[in-house]
Amino acid sequence: MPYAEIIQDNLAKIFVSVVRESHPEAADALDRKLKLVSSSGVLELSRRDSYEKQLDIFNGLSGDLKLKVAEMDAKLIDVQWRSRKTAGIRVVNALNALGTVRTGDTFDEVIERFCRLNLPAATVQELVKYAVVWPSLTTHPTNPFSFEYTSAGIELDALLSEEVTSLEKLKAQLRVIRDTSMFFDKDDAGQSVLKKKSPYLEGQELLKILNVIYDVASPLTTRLRSALDRFNYKSVTVPETVLDINVWGPGDGDGNPNVTAAILEDFVQVLRKNVRQRYTWDLTALFEPTPERDALVAKLKDLNQADDDVTSAFQEFLNTRPASADVSRMRAKLTNFGMYLAKIDVRHNSEDLMGTFAALLKAGGVVDKPGFLDDVVTPQEQAEMVRAKMSDVAFMQKVKALPTGMPELTAALGGDEMAARVFARLRVVCKYPCMFSKLIIAETRSAANALVAMFLLTLAGGAEKSRVAIVPLFESRADLLAAPRTAHILCTDPTFLAHVEHIGHFMIMIAKSDTTRLSGPGVTGCQEETIGRLLSMNPASYGGKFAVHVFIGGGDDQMRGGGRIVEIPHVVMLAARRSGATQGCKVAMTVQGYQMQLVFGSQLLAGHFSEAFAAQQMLANARITGSHPYRAVPAVCNKRGAEDQANQFFQACMDAYEEVAGLPEGTPAQIARRKAIVDYFASFPLDLVKLGNKSSRPGSRKANPDPLQGRAISLDQLSKHDGAYITATLGVAKGFAHLNQLLRCGAPEEGDPKVHADSPEVLYLSPARHAYLANKTFRDFARMQAVVLYQKDFDVAWGHRGGVPTASERAQLEEEYQASLRKQQPASPRAFLAHIEANDMREARYLLEALTGEDHSSNGREVDLCEPLQTGWPQLARSMEYRRRQSGMATMFENEAAALFAALKSDSPPLELSQELMAYYGYVGANPKYQTPNFSLTMTDPQKETATRLVEEALAESESPLELPAWISAL
């Protein structure tokens with residue numbers, strides 16, 4: 001039995017035993033379910049048999065018992081998820097320890113590669129500066145749990161990460177999990193009544209993660225130093241900062257009026273207080289009492305002491321101590337966390353920033369005609385107006401003299417609450433400049449947006465040489481294509497150029513989730529093309545005193561294109577290389593809600609991720625700078641040809657998605673297609689998805705029945721839980737069809753007789769197969785699509801729309817869909833679903849062709865949507881089948897709740913609390929079934945995945961580096 005399944009099965013049994021202490025009848029139901037979804041159950045029962053037997057359990061529940069089983073089942077599934085991620089990291093660490101497969105995830109391996117290549121110390125010194133982890137932790141609503149329950153889960157993660165955790169300790173924490181509300185948080189009076197987190201609670205949740213990361217900094221620095229010494233690079237110095245941790249939280253003002261200036265300033269103080277408290281604990285624990293130590297502790301406890309003064313005192317204290325491991329540890333922490341713990345990223349939409357500047361112009365007495373925001377004013381003219389005002393001393397003095405109180409400021413800005421809120425928040429940024437890292441401009445449309453953002457910081461009281469980086473964020477397909485031009489205009493603007501030269505880098509952010517919402521999954525190609533063009537910029541041609549860095553958005557591995565999260569630097573550098581870039585680059589990325597717990601939930605998880613990402617940053621930069629060779633493509637492949645094939649494929653996918661998605665305003669055909677999607681999603685209640693949105697950020701910017709105009713994360717969750725997950729594959733089959741019409745540019749390959757038993761010995765490389773073999777972006781995308789097809793549950797989708805049709809009915813519905821296109825009328829939800837299902841079947845055939853080389857489009861053999869994943873990544877398919885069956889009963893709770901929501905009328909009374917809770921438990925219990933697996937734990941390369949499986953299977957062998965934790969031995 002695989003190692004991860006041993007851990008999951010045993011922890012599940014312990015949790016059920018804990019449930020039995022308080023809820024014996026609920027435990028009986030969970031026991032029956034576990035027998036069906038354990039490792040042996042997955043192997044022995046068909047999916048249909050497992051479903052039917054779980055349905056028997058579900059149908060036998062009623063009343064309070066049914067609600068309690070729904071709650072405990074959701075918690076059981078979460079406990080299994082937590083055990084799975086920890087066990088997975090242990091397997092990957094064991095794989096690295098064996099050294100049989102080169103993953104690039106450790107400092108030892110990467111520095112050893114440099115040594116084998118005889119790289120001089122000077123070259124390694126240049127590469128080591130890229131050994132940096134640069135995440136921005138966000139509070140986006142991908143975590144559906146209350147703060148109280150999330151905190152309990154992080155405590156469980158810590159126990160599962162320790163090999164010596166006792167059974168008694170584990171049971172005690174599982175009792176906390178059992179008794180803590182997933183749904184409610186406590187208000188100021190201690191009552192469990194909050195259905196959504198306040199901005200304060202979101203900040204506290206970030207602190208839970210930051211305190212885990214705090215304990216990782218010193219070991220990370222030590223491991224890098226050790227690797228350099230081991231391979232005779234003792235003269236190479238370790239970067240002062242290996243962890244550059246940023247957070248959004250109250251800094252994210254894009255579409256969230258709840259995060260006011262007061263809340264932002266409170267969060268600044270929370271971070272300052274927390275890091276000083278951690279330093280105080282460490283100093284007290286590590287150093288004997290002395291007058292110097294006690295004086296430093298007193299300074300740390302006094303928040304009125306200036307941060308710079310405390311930092312200087314801290315450095316002086318460490319400099320006067322004898323060299324020791326404790327001194328080194330404290331120095332690493334001080335260097336990485338300063339007096340801030342994490343720096344805050346502030347984000348505002350470009351429209352809000354432009355509107356704020358327009359309001360300030362009016363308040364400053366500027367009455368230019370036409371006005372700043374008038375339609376006739378071009379972005380170039382807006383930029384000139386901003387530049388003119390930058391030298392208008394009288395205007396700047398008037399703006400800086402605006403009142404500080406919110407009512408007075410709002411009145412001074414003509415009652416514009418949005419402008420007052422944005423400007424007040426920027427004043428907080430300028431008040432504590434060392435606490436902030438970036439001002440991110442969402443939906444950047446032009447260079448004028450960045451100039452306005454920079455000038456607003458000056459008007460808000462910022463120093464002329466502010467260290468807060470202005471970061472344009474490009475989201476739509478059109479904005480991505482225009483990004484290089486926007487970057488050029490900014491770098492030729494003397495004021496902005498002076499800004500990036502002072503900062504030392506020009507950072508550009510590329511969105512993921514919103515771009516996918518607008519243009520579909522194929523947008524991966526457009527994003528990488530934009531990244532490549534931006535990184536091909538030569539700073540020397542603009543002055544040469546800055547570097548170009550990339551900031552990658554996205555909520556999970558799926559939104560990032562399907563590769564391992566630690567391989568993001570390689571994706572970025574490969575894109576840059578295709579555009580001819582030869583310079584290094586640091587990569588930052590967002591880590592959202594649920595994924596924060598995946599990669600930073602415990603010291604084991606955070607330590608693995610941080611080292612792996614930093615090591616991969618070094619390796620990727622070694623490759624693009626010519627210090628390390630790239631992995632060769634197969635001899636039968638034409639690398640440039642594969643790049644062109646992949647590019648055309650992604651373009652065709654985007655075109656097809658945008659064609660099917662239509663537009664809310666456009667031609668009759670576009671309007672009809674958009675209405676078909678709106679009508680389709682109306683069959684699954686968005687209110688059910690909203691129950692899992694615990695964020696203080698509103699679920700949408702404004703009320704709109706069109707989910708494609710709402711939040712990207714809400715659309716993604718709606719599309720998943722509907723069952724058909726249409727947004728993940730819409731347009732891809734048509735992209736494959738276009739791809740296979742392109743010229744073949746690879747040589748024939750020999751067939752594997754085990755795989756191609758009925759095929760010729762020589763296989764002619766179709767474009768799909770060729771692109772898969774020779775292009776990493778396409779290969780990652782293919783694996784992601786195989787996962788998505790496996791996740792889909794068309795039985796659920798059809799169940800929301802009148803039931804599963806027969807084969808002949810499917811054909812009729814597909815014809816109905818085509819007829820609606822010809823008539824430029826909206827297709828019915830059932831016709832639209834039939835079309836989606838038929839296209840997914842076609843895509844499955846194309847994926848199998850890419851994976852095996854066999855032409856599955858015309859051989860007449862039935863193909864299952866699960867087959868591509870089972871063919872390419874059987875171990876991953878098994879893992880996903882395991883979690884799918886774990887969520888079987890939760891899906892039944894969710895489907896029942898969806899029917900209840902759908903039956904509600906506008907004049908219906910609100911749901912009872914018990915009904916709301918039942919729906920919520922079903923939703924969060926079904927969530928893992930639809931979530932992308934953590935690709936940090938699996939390999940895109942099937943050879944590496946095979947090695948991972950062999951490590952798991954070697955568990956019983958004495959040479960295996962894997963050992964079962966103490967709590968299992970105690971069983």
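I began with the contact of H18 and H21: Phe395, Met396, Val399 and Lys400 in H18 meet Phe455, Thr458 and Leu459 in H21. Contact means heavy atoms within 4.5 Å. Helices (H or I, at least four residues) and strands (E, at least two) are DSSP runs, numbered from the N terminus. By class, I noted five nonpolar residues, one polar and one charged in the contact of H18 with H21. Ala, Val, Leu, Ile, Met, Phe, Trp, Tyr, Cys and Pro count as nonpolar, Asp, Glu, Lys and Arg as charged, and the others, Gly among them, as polar.

H18 covers residues 393–400 and H21 residues 447–459; they pack at about 65 degrees, with axes 9 Å apart. Axes are lines fitted to C-alpha atoms, for helices over the stretch in contact, and angles run from 0 to 180 degrees between N-to-C directions.

The model is predicted, so local features need pLDDT of at least 70 and side-chain atom pairs count only at pLDDT 80 or more, while totals for chains, interfaces and linings use all residues. Residues are numbered from 1 along each chain as its sequence is written, and side-chain values use heavy atoms, with hydrogens and water left out.

Next I looked up H38 (residues 829–852). H34 (residues 767–774) packs on H38 at about 55 degrees, with the axes 7 Å apart. The two are therefore oblique: angles under 35 degrees count as roughly parallel, over 145 as roughly antiparallel, 65 to 115 as roughly perpendicular and the rest as oblique. Ala768, Arg769 and Tyr772 in H34 meet Glu849, Ala850, Leu851 and Thr852 in H38. I listed four nonpolar, one polar and two charged residues there.

Which residues of H38 does H35 meet? Asp840, Glu843, Ala844, Leu847 and Ala850 in H38 meet Phe778, Ala782, Gln785, Ala786 and Leu789 in H35. This contact has seven nonpolar, one polar and two charged residues. The axes of H35 (residues 776–791) and H38 come within 11 Å and cross at roughly 135 degrees. That makes H35 oblique to H38.

Last, I took in the whole protein. I found 44 helices and twelve strands. The C-alpha trace spans about 75 × 70 × 65 Å along its principal axes. Mean pLDDT (the predictor's confidence in each residue, from 0 to 100) is 90, and 93% of residues reach 70 or more. Over residues 935–940 the pLDDT is below 50, yet this stretch has 33 contacts in the model beyond near neighbours in sequence.
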